[in-house]
Amino acid sequence: LLQQLSVVRSIDLECPAMLNWILRVASVFTLNLDYLKITCIAGAIDPLSEYLARAFMILVFVAFIVVVHCASVVVFYKRDFSSRLPSLVGAVGMLFSAFFIAIVSSMLAPFLCQDHPNGLSTTRDYPDVICFDGSRHMPMIIGACASLPLPMAFFGVVVWVVVVLPRRLSNGDVEFLRTFRFMFFRFRPECNWFVVVFLSRSLLASIIQAIHNASVQLLLLHCLFLPSLV
């Protein structure tokens with residue numbers, strides 16, 4: 001919910017003070033490095049380095065999970081890595097599931113441009129970068145193309161798991177269910193396919209931010225989230 005609110009904040013709207021405060025709090029969950037105040041420690045950071053750090057921050061979290069997992073297996077499970085693999089897959093999968101909107105939105109940041117009265121447009125999160133300026137913006141777009149396969153690969157794995165799940169269950173593959181249970185614990189057994197709907201909605205919400213028309217953004221978000229209330 002907080003990540004969905006952060007999508008609303010990306011739209012250029014005038015909101016009441018209380019709603020603005022709520023949206024600012026929600027924006028903490030977008031992996032924006034501005035909230036970490038890194039510049040207070042490391043000094044000025046150029047927009048490209050800041051963007052790449054933000055886009056690939058998910059890999060830092062994954063590496064941390066892997067290190068903690070390996071240490072716990074060595075200490076508590078006598079190096080039995082094979083039997084503990086489902087817990088590692090579940091932890092990494094839960095990370096991607098919980099922050100999917102934030103991950104995709106951070107990677108799409110170079111495409112989120114806002115217009116100015118002088119006819120130029122700059123990226124919303126990096127105001128010093130002029131959109132589609134070859135010297136500074138194009139490297140960020142290349143970085144986006146390099147990072148976006150990560151969440152797309154996760155989305156593809158989710159679709160594959162949903163497709164093969166009935167056959168695996170009919171074969172009594174309990175280990176498969178243990179490995180990917182993070183996808184289905186929120187849904188009833190007969191609705192396990194809804195995880196694809198859930199991720200598709202998150203993916204579309206992230207992409208809608210790149211549209212430069214606030215009215216169109218609001219309309220599309222309304223159409224996207226309204227069915228969830230039924």
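A polar contact is a pair of N or O atoms within 3.5 Å; within protein, one must be able to donate a hydrogen and the other to accept it, and residues adjacent in sequence count only if both atoms are side-chain atoms. The model is predicted: local features need pLDDT of at least 70, side-chain atom pairs count only at pLDDT 80 or more, and totals for chains, interfaces and linings use all residues. Residues are numbered from 1 along each chain as its sequence is written, and side-chain values use heavy atoms, without hydrogens and water.

**View 1. T123 in strand β2.** T123 sits in strand β2, residues 121-123 (strands are DSSP E runs of at least two residues, helices H or I runs of at least four, both numbered from the N terminus). T123 has a relative accessible area of 0%, so it counts as buried (under 20%; exposed is over 50%, partly exposed in between, with a 1.4 Å probe and protein chains only). A polar atom of the T123 side chain lies 2.5 Å from the backbone oxygen of Y126. Leaving out residues up to four places away in sequence, T123 touches A109, P110, L112, C113, Q114, V129, C131 and H137 (contact means heavy atoms within 4.5 Å).

**View 2. A102 in helix α7.** Helix α7 spans residues 100-107 and holds A102. Why is A102 counted as buried? Its relative accessibility is 1%.

**View 3. V75 in helix α5.** V75 belongs to helix α5. V75 is exposed because its relative accessible area is 60%.
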